[in-house]
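Take a moment to look over the sequence and the model below. Then read on for a short tour of its metal sites, one of its helices and some of its ring pairs.

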Amino acid sequence: NGTITDLEAKISEKLSDYRYQHVLRVRDYAVKLAKANDVDVDKAEVAALVHDYAKERSDNDFLKVIETQHMDPDLINWGNYVWHGIVGAEMIRNELGIVDEDILTAVRQHTTGAGASMNKLSQVIFMADYLELGRDFKGVEEARTITDQSLAQGIKYQIVHTLARLIHKETPIYPKSLETYNYWVKKEK
Ligand code: DGI
Ligand code: FE
Ligand code: FE
Ligand code: FE
């Protein structure tokens, strides 16, 4: 497929080999989860390929886009981990010409997740990023098994464990991460 090949070339140009290999593994895992959960496989493939497109951009690049696109001024108080998804989605639209809002929203939500607004495509990308075969954190096998049984239980597992780790490290929590936690913990008892 020429379109996908062109997209792969544009993405690999912006990323280190290390991160590009992660992106290709997220693509494989996202396609698998999309098939298992009745999600549009073509959208899942494109969203996975672009999800970290902006990850290696400078802070100044992000701050410029926040200003010129009149994005929420509170964004300047956060950092790369928030910007590469939310601000990255604007770069993906501007530079790659991807305008599908489902794909852009999946990118925006891939780091923190979201509450009720998280559709199945976003859920697949959020989990594929966490579970791709290069990941080797403690519990990854359990998380993969749970997600094979239920995407929603997988999301709950991820947000509980990620927040626990961030709090243990005494690092700031982006409010959207807390919203994700509350929504999925209440939903999936
Ligand atoms: O871009 P990736 O490394 O593939 O993965 P990601 O975009 O899901 O996460 C990037 C990092 O952001 C990861 O180390 C976890 C971290 N993170 C997620 N939510 C929060 C967070 N870090 C802080 N400080 N606060 C959050 O709410
Ligand atoms: Fe990311
Ligand atoms: Fe993620
Ligand atoms: Fe990623």
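This report covers the metal sites, then a helix, then the aromatic pairs.

**Metal sites**

The model is predicted.

| Metal | Donors | Distance | Spacing along the chain |
|---|---|---|---|
| iron ion (ligand 4) | His 22 (NE2), His 51 (NE2), Asp 52 (OD), Asp 129 (OD) | 2.1 to 2.2 Å | H-x28-H-D-x76-D |
| iron ion (ligand 2) | Asp 52 (OD), His 84 (NE2), His 110 (NE2) | 2.1 Å | D-x31-H-x25-H |

Which residue bridges the iron ion (ligand 4) and the iron ion (ligand 2)? Asp 52 does, and these two ions lie 3.6 Å apart. Asp 52 sits in the loop between α3 (41-50) and α4 (59-68), while Asp 129 belongs to helix α7 (residues 120-131), so the pair ties together parts that are 77 residues apart in sequence. Both Asp 52 and Asp 129 are buried.

Asp 52 and His 110 link distant parts of the chain, 58 residues apart. His 110 lies in the loop between α6 and α7. His 110 is buried, as is Asp 52.

**Helix α7**

Now turn to the helix that holds Asp 129. At 1.5 Å a residue, the twelve residues of α7 should span 16 Å. The end C-alpha atoms of α7 are 16 Å apart, which agrees.

Is α7 mostly enclosed or open? Eleven of its twelve residues are buried, so α7 is largely enclosed by the rest of the structure. Among the buried ones are Leu 121, Phe 126, Asp 129 and Tyr 130. The cover over the buried residues includes α2 (17-36), α3, α6 (101-108), α8 (140-149), α9 (151-168) and α10 (175-187). At the start of α7, a side-chain oxygen of Asn 119 comes to within 3.1 Å of the backbone nitrogen of Leu 121.

**Aromatic pairs**

How many aromatic pairs are there? The count comes to four. In one of them, the ring centres of Phe 62 and Trp 83 are 5.8 Å apart and the planes meet at 40°, so the pair is tilted. Phe 62 lies in helix α4 and Trp 83 in helix α5 (residues 80-96), so this pair ties together parts 21 residues apart in sequence. Phe 62 and Trp 83 are both buried.

Tyr 130 and Phe 137 also form a tilted pair, because their ring centres are 4.6 Å apart and their planes are at 35°. Tyr 130 counts as buried at 10% relative accessibility. Phe 137 is partly exposed, with a relative accessible area of 26%.

Terms used. Residues numbered from 1 in each chain as written. Chains lettered and ligands numbered in written order. Predicted model: local features only at pLDDT ≥ 70, side-chain atom pairs only at ≥ 80, totals over all residues. Heavy atoms only, no water. Donors = N, O, S within 2.8 Å, 3.2 Å for Na, K, Ca; no water. Helix = DSSP H or I, 4+ residues; strand = E, 2+ residues; numbered from the N terminus. Buried < 20%, exposed > 50% of the residue type's maximum accessible area, 1.4 Å probe, protein only. Expected span 1.5 Å × (residues − 1). Contact = heavy atoms within 4.5 Å. Polar contact = N/O pair within 3.5 Å; in protein donor to acceptor, adjacent residues only side chain to side chain. Phe/Tyr/Trp six-rings, centres within 6.5 Å; stacked < 30°, edge-to-face > 60°.
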